[in-house]
Amino acid sequence: MNYQDYFKTALDDLREQGNYRVFAELERHCGSFPRATSRGEKNGDVTIWCSNDYLGMGQHPSVLNAMHEALDRCGAGAGGTRNISGTTHDHVLLEAELADLHGKEAALLFTSGYVSNWAALGTLAGRIPDCIVLSDALNHASMIEGIRQSKADRLIWAHNDLADLEAKLAALPLERPKLIAFESVYSMDGDIAPIKDICDLADKYNAMTYLDEVHAVGLYGPRGGGIAEREGLMDRLTVIEGTLGKAFGVMGGYIAASAELCDFVRSFASGFIFTTAIPPAVAAGAAASIRHLKTSDVERQVQQEKVTDVRARLDAIGIPHVENPSHIIPVMVGDPHKCKFISDTLLKEHGIYIQPINYPTVPKGTERLRITPSPVHSAADVDALIGALEDLWAQCQLARMPLAAQ
């Protein structure tokens, strides 16, 4: 085999299908998010409309001050894995904040949300004898990889389909260990799982529950504990997994659960044992972000207002978007080439950055622009976004919603 030819052919195929990914080289402006400087083909200032820094906490003064203080106090790195040299006081404090946020006995930090899912699911399902995992069909790749890594038996249940989940649970022996893995807010369609009903089924069929709240922590609930906190269900979930890299504005992932479960994962998960810990400054910034959002609801309220405004403006010009009860607005294009063209043109001609979402992230034919309004987008930002989309929708001759559906 000519390896280089193979690589080139595979990449050429991606380009031909319209699914080749190009990274926008951006430099965020400290203190003025969502502004950034584009260093790629379109040099100059741009407005970011697709960030997962949902509340702008990556620019919040309390977060930056905490990180500066920790950097001056501790230096740059954690010194290695926590088992050898990397556990710092800031890690301990952050895990205490996370356990408190979710009403759990303990929490355990990882380097990312991807790693926390991969390591925790892989360890739990792989180490509990004869465990079987029931996984929602639209679970994130990190959850799928963790389940696959475990080599445990698995059943895929239709997305948010309680009847299908119960049928699969009922067919299993009551005494067999079971783990139901699902998300609260699904990132591509923005729909929300029926958490209470899933917990009811877990109780009925003697199953553990594993809830991924990465697109909900910081954004929902009176203290930012996620959908489970908003609905008063945190105590019913075996494991709550989350990220520090989205609404909390920094980086890292975690699980929150009983002291024994967290200690079990800490003791057996290779993805924890052999990975360098997040830097103390990052841990300090995350803790500051969590503390702020536990007491401040302003960011959440303003974000929800911006989401409502953008949805209404899209409806007014007939641009199709998926209706859902979350903060994620999927604007449906349905063609990979047009989706990329719109994204490229938004950046080059309008100074608006929205990354196209194509296959394999979403199924073919459902290509989209995933818009995430934040509390720091201005009214002028919204006007510019809607005007640009209206022009490009006409230019690409894309269908609009009928007036009756608006």
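Mentor: Here we'll go through the overall build and then the nonpolar cores. Keep in mind that this is a predicted model.

Trainee: Okay, how many helices and strands does the chain have?
Mentor: There are 15 helices and 14 strands.

Trainee: And how compact is the chain?
Mentor: It is as compact as a globular protein of that length, because its radius of gyration is 22 Å, close to the 22 Å that the globule rule gives for 406 residues. The C-alpha trace spans about 60 × 55 × 55 Å along its principal axes.

Trainee: What share of the residues is buried?
Mentor: Of the 406 residues, 54% count as buried.

Trainee: So what's in the largest nonpolar core?
Mentor: That core has 54 residues, and the ones touching the most other members are Leu-94, Ile-180, Phe-182, Ile-195 and Leu-244. Helix α12, residues 280-295, gives the most to this core, with 6 residues.

Trainee: Let me pick on Ile-180. What does Ile-180 touch?
Mentor: Leaving out residues up to four places away in sequence, its contacts include Leu-134, Trp-157, Leu-165, Ile-198 and Tyr-210.

Trainee: Which residues are in the second core?
Mentor: The second core is separate and has 32 residues, among them Ala-36, Leu-347, Leu-392 and Leu-398.

Trainee: Switching topic: how far apart are the mean positions of the positive and negative charges?
Mentor: They are 2 Å apart, counting 37 positive and 52 negative charges.

Trainee: Last one, what about the accessible surface?
Mentor: The chain's accessible surface comes to about 17,400 Å², and 55% of that belongs to carbon and sulfur atoms.

Note on methods: Residues are numbered from 1 along each chain as its sequence is written. This is a predicted model: local features need pLDDT of at least 70, side-chain atom pairs count only at pLDDT 80 or more; totals for chains, interfaces and linings use all residues. Side-chain values use heavy atoms; hydrogens and water are left out. Helices (H or I, at least four residues) and strands (E, at least two) are DSSP runs, numbered from the N terminus. The radius of gyration is taken over C-alpha atoms; the globule rule is 2.2 Å times the number of residues to the power 0.38. Buried means under 20% relative accessible area, exposed over 50%, partly exposed in between (1.4 Å probe, protein chains only). Accessible areas come from the Shrake-Rupley method with a 1.4 Å probe; for residues, only the protein chains shown count as cover. Lys and Arg count as positive and Asp and Glu as negative; His and the chain ends are not counted. The place of a charge is taken as NZ of Lys, CZ of Arg, CG of Asp or CD of Glu. A nonpolar core is a set of buried Ala, Val, Leu, Ile, Met, Phe, Trp, Tyr and Cys residues joined through side-chain atoms within 4.5 Å. Contact means heavy atoms within 4.5 Å.
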